[in-house]
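Let's walk through this one together, starting with the chain as a whole and ending among its aromatic rings. Have the viewer open as you read.

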Amino acid sequence: NGPLATLVSYLEDRGQFAQGEQLLGSELKHPGNQQQTYWLKQRLYRLYDTAIRRNGDVSLGSGAALYRAVERELQDELDTVDHSHRQALANRLCTIYRTAHDKKIAGVADDVRAFAFDRLPEVLARHTTNYQSLVSTVAQTLRDLASPRDGLELLIERIENEPKWLRLKNDGGWSKHSHQLARWRNEVGD
């Protein structure tokens, strides 16, 4: 993956996003194994994130159109059976939300809310590793892009609905998120 990653980074640095996308797409047609497929997809989404940030063009479009297309694709990919790949995709989705917000693309805060409260529970139902890390990442993104109240609401909702086995392995939300809960509760103020 090293030489391919270097070449794609070089193309990104030169603003040649479509060429990088084509290169990754051609490699995705014949990956060596499933882990290679996961790496290629993650690298492709990273390229899309950079294209959004730098106003680049790819086959999915540019700007808001690219953001919308990538958000849909990433949300669909979250149904993967691989926990590590799912975690990486969710992290990338949160990064793309931040990038789109920085680019002032309309509706990003609403998209993060919809993901956090509608789609995330479905994703977490299959996610048995790094559960609290995923909740924390999405809650922090929601807090930063929407409001502290939204982030607080998500944390409390996820804690109230988390699998009971998390507490048995000392990974319960109240202990993992207590600092965030206290800080955000203070920010909300009422």
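Of the 190 residues in the protein chain, 46% count as buried, where buried means under 20% relative accessible area, exposed over 50% and partly exposed in between, with a 1.4 Å probe and protein chains only. Keep in mind that this is a predicted model: local features need pLDDT of at least 70, side-chain atom pairs count only at pLDDT 80 or more, and totals for chains, interfaces and linings use all residues. Residues are numbered from 1 along each chain as its sequence is written, and side-chain values use heavy atoms, with hydrogens and water left out.

Now for the overall build. The protein chain has eleven helices and zero strands; these are DSSP runs, H or I of at least four residues for helices and E of at least two for strands, numbered from the N terminus. The C-alpha trace spans about 50 × 35 × 25 Å along its principal axes. Take the contacts (heavy atoms within 4.5 Å) with a separation of 6 or more: 64% of them in the protein chain are between residues 24 or more positions apart.

On to the rings. The whole structure holds three aromatic pairs. Rings of Phe, Tyr and Trp (its six-membered ring) pair if their centres lie within 6.5 Å, and planes under 30 degrees apart count as stacked, over 60 as edge-to-face and the rest as tilted. One of the pairs is Tyr-67 with Tyr-97, edge-to-face at 6.4 Å centre to centre and 65 degrees between the planes. This pair links distant parts of the chain, helix α4 and helix α5, 30 residues apart. Tyr-67 is buried at 0% relative accessible area, and Tyr-97 is buried at 1%. Tyr-97 also pairs with Phe-115: their centres are 6.2 Å apart and their planes at 50 degrees, so the pair is tilted. Here the link runs from helix α5 to helix α6 (residues 108-125), across 18 residues. Phe-115 is buried, as is Tyr-97, and ring pairs join Tyr-67, Tyr-97 and Phe-115 into a cluster.

Finally, look at the loop between α4 (63-77) and α5 (83-102), where you'll find Thr-80. Is Thr-80 buried or exposed? Thr-80 counts as buried because its relative accessibility is 12%. Leaving aside neighbours within four places in sequence, Thr-80 is in contact with Tyr-38, His-85, Arg-86 and Leu-89.
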